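Visitor: I have the sequence and the model open side by side. Please take me through a few places worth looking at.

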Amino acid sequence: MAKNPVSRMMFDDDDDEPQLNAVDNYYLLDAREVPVCLSVLPFQFKDTDEVPECKKDVFLWGTADPGIKVYRKVIAWKLGLQGKQPEISVLSAEGSWISLTKPKNSYEEKIRTILITVQMLHFLKKKPEEPEKNLWSHLRKIFDKFEVRPSEDDLRNHRSLIKHFAEKDSTLAKSEILQGFTQETSRKKFSEVGSDKVEIKVPFIADDEDIEEMADVDNNIESDEEEEEDLFDSICSICDNGGDLLW
């Protein structure tokens with residue numbers, strides 16, 4: 001029976017594992033080999049910061065040059081916004097940073113929301129004064145292969161990461177868009193252009209209780225519409241009685 005690669009990595013101390021710089025076609029699994037999002041790892045803003053404790057066993061799988069299969073335990077992640085593209089890196093249990101280039105196709109949907117958040121931060125880092133509509137246009141262009149287009153809902157689960165950069169990055173601290181995203185101020189819920197749905201003003205990043213209240217409002221609106229329809233029964237022109245018309 002073949003030995004589980006995760007187990008081999010954890011217990012075979014004699015393995016001479018090469019130094020890795022970048023991993024392609026990557027994905028992350030927990031100890032049960034279930035895919036997990038990158039955001040389950042502690043975030044490290046700077047290399048000089050103390051490494052936060054990782055409460056879960058997370059393993060990086062992928063491919064490194066020249067075609068080397070990779071499986072490493074990782075304990076933290078960081079994000080670089082200086083280059084032409086955002087750079088995501090994970091910290092191995094051995095203490096080396098590994099750059100993640102392209103996720104495995106089947107894994108990309110799992111980390112879709114964190115990738116959208118990363119691209120949002122990178123865009124505002126480069127263009128902090130850019131109008132918000134240009135931000136969404138940019139995100140939709142990058143993630144056009146997904147059926148669901150980027151929206152505010154994709155960012156709500158990563159509120160702590162967004163606030164972290166808004167507080168610690170001097171450029172992003174000047175972005176009115178990012179500051180508006182992190183503040184509990186009333187904003188119009190992002191919707192498609194030309195939508196005929198009622199727009200409800202909610203905080204950009206709402207708590208679960210806020211979302212439940214929004215759902216209650218929607219249900220109440222639907223109930224009122226149904227009651228209003230009941231007030232206007234069809235009237236027969238022959239018998240002058242109410243009720244459903246047969247023909």
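Visitor: Is Q44 buried or exposed?
Guide: Q44 is buried, because its relative accessibility is 2%; buried means under 20% relative accessible area, exposed means over 50%, and partly exposed lies in between, with a 1.4 Å probe and protein chains only. Please note that this is a predicted model, in which local features need pLDDT of at least 70 and side-chain atom pairs count only at pLDDT 80 or more, while totals for chains, interfaces and linings use all residues. Residues are numbered from 1 along each chain as its sequence is written, and side-chain values use heavy atoms, with hydrogens and water left out.

Visitor: Where is Q44 found?
Guide: Q44 sits in the loop between β1 and β2. Helices (H or I, at least four residues) and strands (E, at least two) are DSSP runs, numbered from the N terminus.

Visitor: Which residues does Q44 touch?
Guide: Leaving out residues up to four places away in sequence, Q44 touches D49, V51, A76, W77, K78, L91 and W97. Contact here means heavy atoms within 4.5 Å.

Visitor: What separates the C-alpha atoms of Q44 and V90?
Guide: They are 9.5 Å apart, although the two residues are 46 residues apart along the chain.

Visitor: Moving to β2, is V58 buried or exposed?
Guide: V58, which belongs to strand β2 (residues 58–64), is buried, with a relative accessible area of 1%. Apart from neighbours within four places in sequence, V58 contacts L28, L29, V36, V40, L41, R72, K73 and V74. Its C-alpha lies 9.6 Å from that of V34, a residue 24 places away in sequence.

Visitor: Which residues does a cis peptide bond join?
Guide: The cis bond joins D65 and P66, with omega about -5°. P66 is located in the loop between β2 and β3 (68–80).

Visitor: What about phi of N25?
Guide: Phi of N25 is near 55°, which is positive in a residue other than glycine. E33 also has a positive phi, about 65°, and is not a glycine. Most residues other than glycine have a negative phi, and most peptide bonds are trans.

Visitor: Where is E33 found?
Guide: E33 is in the loop between β1 and β2, whereas N25 is in strand β1 (residues 22–30). E33 is partly exposed at 37% relative accessible area, and N25 counts as partly exposed because its relative accessibility is 35%.

Visitor: Now the helices. At what angle do the axes of α3 and α4 cross?
Guide: Helix α3 (residues 112–126) and helix α4 (residues 132–142) cross at roughly 135°, and their axes come within 10 Å. That makes α3 oblique to α4. Axes are lines fitted to C-alpha atoms, for helices over the stretch in contact, and angles run from 0 to 180 degrees between N-to-C directions. Angles under 35 degrees count as roughly parallel, over 145 as roughly antiparallel, 65 to 115 as roughly perpendicular, and the rest as oblique.

Visitor: Which residues of α3 and α4 meet?
Guide: From α3, I116, Q119, M120 and F123 meet N134, L135, H138, L139 and I142 in α4.

Visitor: How do the axes of α3 and α6 cross?
Guide: Helix α6 (residues 159–168) and α3 have axes that come within 11 Å and cross at roughly 15°. Therefore α3 is roughly parallel to α6. I114, T117, M120 and L121 of α3 make the contact with L161, I162 and F165 of α6.

Visitor: Is H122 buried or exposed?
Guide: H122, also in helix α3, is buried, with a relative accessible area of 6%. A polar atom of the H122 side chain lies 2.8 Å from the backbone oxygen of G83. Beyond its neighbours within four places in sequence, H122 contacts L81, G83, K84, Q85 and P86.

Visitor: Finally, how many helices and strands are in the chain?
Guide: The chain has eight helices and seven strands. Of its 247 residues, 38% are buried. Among contacts between residues at least 6 apart in sequence, 60% join residues at least 24 apart.

How values were computed: Polar contact = N/O pair within 3.5 Å; in protein donor to acceptor, adjacent residues only side chain to side chain.
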